[in-house]
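Visitor: I would like a close look at the aromatic pairs here. Please keep it brisk.

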Amino acid sequence: MNNYFCGWYFKCQSKTQTLAIIPAFHQSNHRQTCSIQVITKDHSFHVPFPAFHLYKNKKEQILKMNGTIFSKEEIVINIHTDKLKMSGSLTFHDFHPLKYDIMGPFRYVPFMECRHSVFSMRHTVNGVVTINGERYQFENAVGYMEGDRGISFPRNYIWTQCFYKNLSIMLSVAEIPVSFLPFCQKKTFTGLIGVIAWNEKEYRFATYLGAKVRKIEDGLVIIEQGNYRLSVQLLEPVLHPLYAPQNGEMFRVIKENTSCRAKYHLENKEKTLFSFETDNASFEYEYEK
């Protein structure tokens, strides 16, 4: 049995509430398991299940996990544990997918530790979910949808996603191992992928397009690609624990905020295209010097 994981990330955000739901399947040499993680502004929950609770239909793109149903168009939630009682449904429509795979040519590179997918940069969310008695209502709210698969999350990485007015931004910077390439002297390189979906236009930043990381320090990330310069600044600690895959098993603990303070700045030839600070950014900052 090969070590492997596959997970999906559904983010839903209204003007006052943010909710992220993460179903995942994971296997190692020892066992197969699945899980659902739930993150809000104030709490995070992890609900593990044996693998026999999981049903996947790739043709219809449906995932069922112990009474909870996931698809691209809908989530029907039914979770009842000692720590989490969650029920309700959410529907998604008006998707904004990318023009082509976020991994670009790297999607064809074998033995990569982790492969990323972006299914929708922005879509409409409707529905009501109750979490431990608290009501989360989404009426023509916004959503974001992505996924990961592979063996492990990178040892060092930064990920952020944010909605602001008529744009949606996603950026991931990671330390990528290349030890599987015998002709490579370095053991790792810093790679990045990012997209700004703004006014029906897609601005893409990626290592395979020539993007470079200029700075990673104290929550600040600066990247450059051609005449563009994008900076992202985390302005508060990342608090809520979240389980991440390591060699196919979900025992690594990282931290994420679904709704926190951050600043985003984009310029072209020193001309500012946008610059804003928000309290509604999603952020994972797992980068050690």
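Are F10 and F70 buried or exposed?

Guide: Both F10 and F70 are buried. Keep in mind that this is a predicted model. Aromatic pairs number 14 in the structure. In one of them, the ring centres of F10 and F70 lie 5.8 Å apart, with 25° between the planes. Stacked planes must be under 30 degrees apart, so this pair counts as stacked.

Now take Y164 and F276. Their rings are stacked as well, with centres 3.8 Å apart and planes at 5°. Y164 sits in strand β12 (residues 157–164), while F276 sits in strand β21 (residues 271–286). The pair therefore ties together parts 112 residues apart in sequence. Y164 has 27% relative accessibility, so it counts as partly exposed. F276 has 4%, so it counts as buried.

Y164 and F276 also belong to a cluster linked by ring pairs.

K72 places its charged end over the ring of F95, 4.8 Å from the ring centre. R204 lies over the face of Y100, and here the distance to the ring centre is 3.7 Å.

Definitions and conventions:
Residues numbered from 1 in each chain as written. Predicted model: local features only at pLDDT ≥ 70, side-chain atom pairs only at ≥ 80, totals over all residues. Heavy atoms only, no water. Phe/Tyr/Trp six-rings, centres within 6.5 Å; stacked < 30°, edge-to-face > 60°. Buried < 20%, exposed > 50% of the residue type's maximum accessible area, 1.4 Å probe, protein only. Helix = DSSP H or I, 4+ residues; strand = E, 2+ residues; numbered from the N terminus. Lys NZ or Arg CZ within 6 Å of the ring centre and 35° of its normal.
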